[in-house]
Amino acid sequence: MNSITCRNRHCPRCQGSAARRWLEARQADLLPVGYYHVVFTLPAPIGAIAWYNKAVIYGLLFDIAADTLRTIAADPRHLGAQIGATLVLHTWGSALTHHPHVHGIVPGGGLSPDGERWIACRPGFFLPVRVLSRLFRRRFLEALEQAHRCDRLQFFGEYAGLADPAVFARWLAPLRTCEWVVYAKRPFAGPEAVLAYLSRYTHRVAISSQRLLAFDERGVTFRWKDYREKGRTRYKSMTLEAGEFMRRFLLHVLPVGFHRLRHYGLLANPVRRANLAKVRELLHVTAQANASPEDPVIETRPAFVCRHCGAPMIVIDILARTAPIRAPPTLGGET
């Protein structure tokens with residue numbers, strides 16, 4: 001299946017070079033400490049209304065997940081430190097269904113409140129997941145109620161009745177007691193593996209071209225992973241009618257200007273460079289040569305790009321235009 005380079009940020013084929021640059025910059029940021037992979041997932045009912053309110057609910061998901069991490073980490077009963085986190089929004093499951101959640105990579109420790117010591121978390125343990133889940137649930141629901149009171153939410157179809165405050169309050173009630181999924185574990189393959197995983201989706205969404213198998217009269221066939229099964233049987237193929245495939249893909253198109261990748265705390269853009277230098281000083285290590293992740297990158301659109309990966313093509317030679325070729329003389333001469 002071939003396609004030209006469109007440079008759209010949602011395209012499964014484009015933005016490959018931008019993703020590689022992001023991965024290189026984040027690898028230069030890595031500290032010589034343990035890292036943890038965290039995931040905050042919204043319950044299915046909230047995911048259902050998020051589709052109509054992407055900017056509001058996805059924004060809350062980002063900010064409250066980060067605030068939850070920083071609040072629990074700052075508590076002396078847990079870590080008592082200022083931490084940093086890089087979060088990436090995913091809105092899809094393997095079958096392109098709507099499944100909003102954020103993945104994050106977090107250093108296993110942080111700066112002391114006075115900024116003069118590095119406080120490491122316990123080996124193999126970052127923060128209590130149950131505590132994170134409870135605080136995330138409470139703060140998200142409070143923020144969602146506030147958004148409803150300020151008329152920032154829209155409801156359509158079967159959810160139109162939720163515009164009424166009393167109906168919305170009853171709809172929220174079960175969500176106050178159900179379990180909200182929060183994951184926090186140290187990656188077995190190291191932080192580089194998590195960064196590599198996240199980089200696949202920092203500049204595109206939902207599905208890669210490698211998963212597309214066929215497009216014919218039956219529809220679009222692609223590979224997907226069934227997480228309910230184990231072993232090789234979890235890898236399956238699915239065929240969707242073309243319209244349904246496009247509907248599922250478009251579920252994950254983000255609002256204009258919405259950032260799916262955000263940095264918080266010690267890793268926030270305005271302070272990241274200074275904080276990383278401070279932590280390296282406290283850990284008695286030096287930064288990698290030529291690592292300057294905070295230097296502004298001026299994006300200029302190249303004149304020619306590869307239609308397969310989107311990388312700029314380099315002009316290595318320009319052939320001078322030669323004199324035009326003359327027509328051969330006539331055999332019979334002039335008449």
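User: Which residues does Val106 touch, leaving aside those up to four places away in sequence?

Analyst: In this predicted model, Val106 touches Gly34, Tyr35, Tyr36, Val38, Leu69, Ile83, Gly84, Ala85 and Phe126, with residues up to four places away in sequence not counted.

User: And where is Val106 placed, and is it buried or exposed?

Analyst: Val106 belongs to strand S3, and because its relative accessibility is 0%, it counts as buried.

User: How far is Val106 from Tyr264, C-alpha to C-alpha?

Analyst: The C-alpha atoms of Val106 and Tyr264 are separated by 9.9 Å, although the two residues are 158 residues apart along the chain.

User: What share of the contacts in the protein chain, counting a separation of 6 or more, comes from residues 24 or more positions apart?

Analyst: Residues 24 or more positions apart account for 70% of those contacts in the protein chain.

User: How many helices and strands are there, and what percentage of residues is buried?

Analyst: The protein chain has 8 helices and 10 strands, and of its 335 residues 45% are buried.

User: OK, H3 then. How many residues does it have, and how far does it reach?

Analyst: H3 has 21 residues and reaches 30 Å from its first C-alpha to its last, which is close to the 30 Å expected at 1.5 Å a residue. The helix is mostly covered, with 15 of its 21 residues buried.

User: What do you need to describe two packed helices?

Analyst: Two packed helices are described by the angle between their axes together with the distance between those axes. For helix H3 (residues 54–74) and helix H4 (residues 129–149), the axes come within 9 Å and cross at roughly 140°. That angle makes H3 oblique to H4, and H3 passes H4 in a right-handed crossing.

User: Which residues make that contact between H3 and H4?

Analyst: On the H3 side they are Val56, Ile57, Leu60, Leu61, Ile64, Ala65, Asp67, Thr68, Leu69, Thr71 and Ile72, while H4 contributes Val131, Leu132, Leu135, Phe136, Arg139, Phe140, Ala143, Leu144 and Ala147. Sorted by class, the contact of H3 with H4 has 16 nonpolar, 2 polar and 2 charged residues.

User: And how does H4 sit against H5?

Analyst: The axes of H4 and helix H5 (residues 165–172) come within 11 Å and cross at roughly 165°, which makes H4 roughly antiparallel to H5. The crossing of H4 and H5 is right-handed.

User: Which residues meet there, and of what class are they?

Analyst: From H4, Leu141, Leu144, Glu145 and His148 meet Pro165, Phe168 and Leu172 in H5. By class, the contact of H4 with H5 has 5 nonpolar, 1 polar and 1 charged residues. Leu144 of H4 is also listed in the contact with H3.

User: What about the loop between H4 and H5, and Tyr159 in it: what does Tyr159 touch?

Analyst: Tyr159, which lies in the loop between H4 and H5, touches Ala48, Ile49 and Tyr52, again not counting residues up to four places away in sequence. The C-alpha atoms of Tyr159 and Ala48 are separated by 9.0 Å, while the residues themselves are 111 residues apart along the chain.

User: New topic: where is Leu96, and what is its phi?

Analyst: Leu96 is found in the loop between strand S2 (84–92) and strand S3 (98–107), and its phi is near 70°, a positive value in a residue other than glycine. Leu96 counts as buried because its relative accessible area is 0%.

User: And His284, is that buried or exposed?

Analyst: His284 is exposed, because its relative accessible area is 73%. His284 sits in the segment after helix H8 (272–283), and its phi, near 60°, is a positive value in a residue other than glycine.

User: Last one, Asp114: where is it, and why does it count as exposed?

Analyst: Asp114 is in the loop between strand S4 (109–111) and strand S5 (118–120). Asp114 counts as exposed because its relative accessibility is 54%, and the cut-off for exposed is over 50%. From C-alpha to C-alpha, Asp114 and Gln82 are 9.6 Å apart in space and 32 residues apart in sequence.

Key:
Residues numbered from 1 in each chain as written. Predicted model: local features only at pLDDT ≥ 70, side-chain atom pairs only at ≥ 80, totals over all residues. Heavy atoms only, no water. Axes fitted to C-alpha atoms, helices over the stretch in contact; angles between N-to-C directions. Helix = DSSP H or I, 4+ residues; strand = E, 2+ residues; numbered from the N terminus. Parallel < 35°, antiparallel > 145°, perpendicular 65-115°, else oblique. Left-handed = near helix turned anticlockwise from the far one by under 90°. Contact = heavy atoms within 4.5 Å. Nonpolar A, V, L, I, M, F, W, Y, C, P; charged D, E, K, R; others polar. Expected span 1.5 Å × (residues − 1). Buried < 20%, exposed > 50% of the residue type's maximum accessible area, 1.4 Å probe, protein only.
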